[in-house]
Amino acid sequence: MSGVVPVREGLFTADPPRLVGSLCDACGGHHFPRHETCPYCAADGARPVELSPTGRLWAFTAVTAPPPGYRGEVPFGFGVVELPEGIRIVTRLTESDPSRLTPGQPMRLTVVPLHADDDGNQVVTYAFAPDRGRNDVADPIDEAAR
Amino acid sequence: MSGVSVCGVGIHPFGRFEGVSITDMGVVAVRAALAEANVGRGGFQAAFCGTAYGGVASGHKVLGALGMTGMPIVDVEAGCASGSAALMLAAGAIAAGQYDTVLVFGIEKMPKGIIRSSFFEPWQEEAGLAATPAYFALRAQRLMAASGVTKEHLASVVVKNRRHGAANPDAMFRSEVDATSVLGSRVICEPLHLWMLCTPNEGAAAVVLQRTNEGEDGRVRLAAAVLRSHVPGSVLSESTPLAGTVDDTIPAASTLAATDAYERAGVGPSDLDVVECQDTDAARELLSYEELGLCPAGGAASFLEGGATTLGGRLPVNPSGGLLSKGEPLGASALGQVVELTRQLRAQATGRQVQGARVALAHTVGRGANAGVVILTR
């Protein structure tokens, strides 16, 4: 029986869409994907946390030719989104036309299809989409302090 | 006090050579460097070979083909800085008194198209995240926002380097281009167009290092060979992480390597006469100006505009034509820079000579992250 499978277990939840990162209690650093040992301070025992599903667009482009090992469609959007926790995430974007994107615009996490695997399953991954209904959000830093 | 000198260099041109094996190319470069150094079989006590895609014992195959084995032969992989890493190990071993003469070479025969790298996990490839040029594009966009760099500046870098490269017989592309054609080539990842990106290709380069006593004039001296990796946190660093922090003050690996190299060599950016730097893409060259301290932070665009980095300017950058003209055979590219700069310091760079060059810097940076900075003096 075919279904929907994440491109990798443990990266994100689908309903609601949330990235699964980690938080180091020793230095306060957030990580994605989840780490057990903090890459910033080398402390062990970083604990898993769900990251904020909204943020701001920090950098963006589009990929026009299929990169190695990729079986999905092109072009697709590609960029970096800054989350209120103070972490920047490298991510696919649902918008593949860079001229329709603006630095700093609000973005929201979603889950998108990539391709069907050999068993007929729909393989999905995380992506950020322009958050059209949220043009007047607080500054991410303020949000983090809330 | 003793130092390390470059007593021979050799190169197999960078390009595409059907039917020529990676070993064949290595043999050409090594033979030329050893001949120039007047070093024969038994004349060097160790060999370090930079390669990323060569496979098991690539260096042994080259020296085996030359009938010159028996000494330690070590293959070194450090991405785009593999040659810098090999040079650092060789120079360190000589300085420590382990060897008197060491052969350093780099060889590569890259697959065509976007480089497939085992660095990425299979799921990252499936998700489309192994899109190397896209990371370059994001870095270019941030540089443009921070330093007033425009697409026209990016095109100018290509025009400059292709003009320089036209005089380099070892370059892959030896024709000049104009800005209109660069901006007219297809967009790979906005803002980067095809001609703003270097081509992964094939080639080999070799350098013979020797212990030198101070006062032995005339030889090119290896004043520093430094390799550094990244400090974590920068999302667009060559370490290609999936996330980073919002701290924009984290020093780049290239800056760490340059700072260390300047200190070891006892020179600063203002002492440099000629530079070869990593122009994987046109924006990467401009970012390197800032990371190496050639210009102030935010000053790359005006530094380029003023003509400082063009042949005839105050500090020519990439007189060889850079990777944009030569292409990038990963393991060979850093040593190709050392070959070029050695020729510059010996006043042998016909058609692209930087007049009176005495202090030269070579810079490579790539996945890992690995950043290498080499300083040569005469």
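Which strands of chain B does helix α8 lie across, and at about what angle does α8(B) run to β8(B)? I took this up before anything else, keeping in mind that the model is predicted. I found that α8 (residues 253–265) of chain B lies across β8 (220–229), β11 (359–366) and β12 (370–377) of chain B, and that α8(B) runs at about 145° to β8(B).

**Entry: the sheet of chain B**

I next followed the strand order, and read an open sheet of nine strands in chain B, arranged β3-β2-β4-β7-β1-β8-β12-β11-β10 with mixed pairing. The edges are taken by β3 (73–76) and β10 (274–276) of chain B, each of which has a single partner strand, so one side of each is left without a neighbour in the sheet. I noted an average twist of 25° from one strand to the next. For one pairing I looked in detail: β1 (residues 2–15) and β7 (residues 202–213) of chain B run antiparallel and are joined by eleven bridges, and within this pairing I saw Val9(B) standing opposite Val207(B) of β7(B).

**Entry: a helix pair in chain B**

I then turned to α3 (residues 82–95) and α12 (residues 330–345) of chain B, which pack at an angle of about 65° with their axes 5 Å apart. On the α3(B) side I listed Ser82(B), Gly83(B), Ser84(B) and Leu87(B), which meet Gly331(B), Ala334(B), Leu335(B) and Val338(B) of α12(B). By class, this contact comprises four nonpolar and four polar residues, with no charged residues.

**Entry: the interface of chains A and B**

Turning to the interface, I recorded 37 residues of chain A in contact with 32 residues of chain B. The area buried between the two chains is about 3,000 Å², of which 65% comes from carbon and sulfur atoms. Of the area that chain A buries against chain B, Trp58(A), Pro68(A) and Arg88(A) supply 22%, more than any other three residues.

I went on to the polar side of the interface, where eleven residue pairs are in polar contact between chain A and chain B. At least two residues each of the side of chain A that touches chain B come from β6 (54–63), β7 (76–83), β8 (87–93), β9 (106–116) and β10 (122–130) of chain A. That side of chain A has 24 nonpolar, eight polar and five charged residues.

How many salt bridges cross the interface of chain A and chain B? I found one, formed by Arg88(A) with Asp248(B), whose closest N and O atoms are 2.9 Å apart. Arg88(A) also has a bridge partner in β9(B), namely Gly244(B), and β8(A) pairs with β9 (residues 243–245) of chain B in the antiparallel sense over three bridges.

Note on methods. Residues are numbered from 1 along each chain as its sequence is written. Chains are lettered from A and ligands numbered from 1 in the order in which they are written. This is a predicted model: local features need pLDDT of at least 70, side-chain atom pairs count only at pLDDT 80 or more; totals for chains, interfaces and linings use all residues. Side-chain values use heavy atoms; hydrogens and water are left out. Contact means heavy atoms within 4.5 Å. Buried area is the accessible area (1.4 Å probe) that two parts lose on being put together, summed over both. A salt bridge is a side-chain nitrogen of Lys or Arg within 4 Å of a carboxyl oxygen of Asp or Glu. A polar contact is a pair of N or O atoms within 3.5 Å; within protein, one must be able to donate a hydrogen and the other to accept it, and residues adjacent in sequence count only if both atoms are side-chain atoms. Helices (H or I, at least four residues) and strands (E, at least two) are DSSP runs, numbered from the N terminus. Ala, Val, Leu, Ile, Met, Phe, Trp, Tyr, Cys and Pro count as nonpolar, Asp, Glu, Lys and Arg as charged, and the others, Gly among them, as polar. Two strands pair if DSSP finds at least two bridges between them. Axes are lines fitted to C-alpha atoms, for helices over the stretch in contact, and angles run from 0 to 180 degrees between N-to-C directions.
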